[in-house]
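Hi there,

Here is the model I promised to pass on. Please have it open while you read my notes below.

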Amino acid sequence: MIELIPAIDIIDGKCVRLTKGDYEQKTVYGNPVEMAREFERIGFRRLHVVDLDGAKSRHIVNSEVLRSIASATNLVIDFGGGIKTDDDIEQAFEAGAAMVTVGSVAVTKPELFNNWLVKYGAERMILGADVRNGRISINGWKEDSTEELLPFLKRYIDMGVHHVLCTEISKDGTLAGPALDLYKEIMTAYPGLNLIASGGVSSIEDIQQLNIAGIPSVVFGKAIYEGRIDLNELINSKIVNSKSNSK
């Protein structure tokens, strides 16, 4: 069964969603702590939190929102956005993250990322692989690197990474369906990988297709906030594994 992970993206302390990573195409949905409580009430155990202010500013900004969510729920939180230094990653874990998602540092400072992998362990580190036109995008999707996706993944899988969050930027926030062919390609190349698909999910049918394709996990958000998916129906379906180890 595919593991479903609801997402909360944060700007100015509020729950928001962007379209294709464009900060000018922003919709505000309200209080992230209340949203997290609702996810837990329905029955989810995991939560993906992104500090969009942090991603843009290149340092963590919304650690107090993370702390509030962690204090108010028992959700297993993975946190990303703005984790660029030792202080940032320590701040994220201290504020209540069980795992962190790191992308830009893996491109710009690979030695630092590997140090974190050794220090904190592979179970607490998620490699962020945000893709645009086949290349890894960094710094809040504001810049495209020269790194191509599959060689980038292989380098870090060889170092011990086994959690990867892959977002197809052109799909993110569009409700146009996930990049199924891309995820199939990744799983064919690296069948033992715990791949977390992200971007474009608009319906339970999309999740079913990812499940059929053997994708281990999926993050989605906008379809929740826009009412495209009935969460109670989803949590009671047979295709979704919402459970995870407790904190």
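**What I found**

Let me start with Ser-104: beyond the residues up to four places away in sequence, Ser-104 touches Lys-84, Lys-109, Ile-138 and Asn-139, where a contact means heavy atoms within 4.5 Å. Before going further, note that this is a predicted model, in which local features need pLDDT of at least 70 and side-chain atom pairs count only at pLDDT 80 or more, while totals for chains, interfaces and linings use all residues. Residues are numbered from 1 along each chain as its sequence is written, and side-chain values use heavy atoms, with hydrogens and water left out.

Ser-104 lies in helix H5, residues 104-108. Helices (H or I, at least four residues) and strands (E, at least two) are DSSP runs, numbered from the N terminus. With a relative accessibility of 11%, Ser-104 counts as buried; the cut-offs are under 20% relative accessible area for buried, over 50% for exposed and partly exposed in between, using a 1.4 Å probe and protein chains only.

A cavity here is a set of points, on a 1 Å grid over the protein atoms alone, where a 1.4 Å probe fits but cannot get out. Grid points are joined across faces, edges and corners, and the volume is the space filled by probe spheres set on them. The largest cavity holds about 580 Å³ of space. It is lined by 42 residues, and those closest to its centre are His-48, Val-50, Asp-130, Trp-141 and Thr-167; to count as lining, a residue needs an atom within 4 Å of a point. By class, the lining has 17 nonpolar, 19 polar and 6 charged residues, with Ala, Val, Leu, Ile, Met, Phe, Trp, Tyr, Cys and Pro taken as nonpolar, Asp, Glu, Lys and Arg as charged, and the others, Gly among them, as polar.

His-48 sits in strand E4 (residues 46-51) and is buried, at 6% relative accessibility. Leaving aside neighbours within four places in sequence, His-48 is in contact with Ile-5, Pro-6, Ala-7, Ile-8, Asp-78, Thr-101, Leu-165 and Val-219.

In helix H4 (residues 86-94), the buried residues are Asp-88, Ile-89, Ala-92 and Phe-93. Seen down the axis of H4, these fall within an arc of 130°, so they line one face of the helix; the arc is that of the directions from the helix axis to the C-beta atoms. The buried residues of H4 pack against helix H3 (63-72), strand E5 (76-80), strand E6 (99-102), helix H6 (110-120) and strand E7 (125-132). Turned away from that buried side, the other face of H4 carries the exposed residues Asp-87 and Glu-94. Just after H4 comes Gly-96, with a positive phi of about 125°.

Helix H7 (residues 149-158) has Leu-149, Phe-152, Leu-153 and Tyr-156 as its buried residues. They fall within an arc of 95° down the axis of H7, so they too line one face of the helix. Gly-160 follows H7, and its phi is positive, near 120°.

**Loops and cysteines**

Which residues other than glycine have a positive phi near 55°? Asp-12 is one of them, and Leu-175 is another. Asp-12 is in the loop between strand E1 (2-11) and strand E2 (14-19) and is exposed, at 58% relative accessible area. Leu-175, in the loop between strand E10 (163-168) and helix H8 (180-189), is buried at 15%. Ser-170 also lies in the loop between E10 and H8, and it is partly exposed at 41%.

Gly-30 belongs to strand E3 (residues 22-30) and is partly exposed, with a relative accessible area of 28%. Gly-30 touches Lys-14 and Cys-15, not counting residues up to four places away in sequence.

For the cysteines, Cys-15 is buried at 0% relative accessibility, and Cys-166 is buried at 1%. The model has 0 disulfides, a disulfide being a pair of cysteine sulfur atoms within 2.5 Å.

Best wishes

Methods. On a 1 Å grid over the protein atoms alone, a cavity is a set of points where a 1.4 Å probe fits but cannot get out, and a pocket is an open set with protein on both sides within 12 Å along at least five of seven lines; lining residues have an atom within 4 Å of a point.
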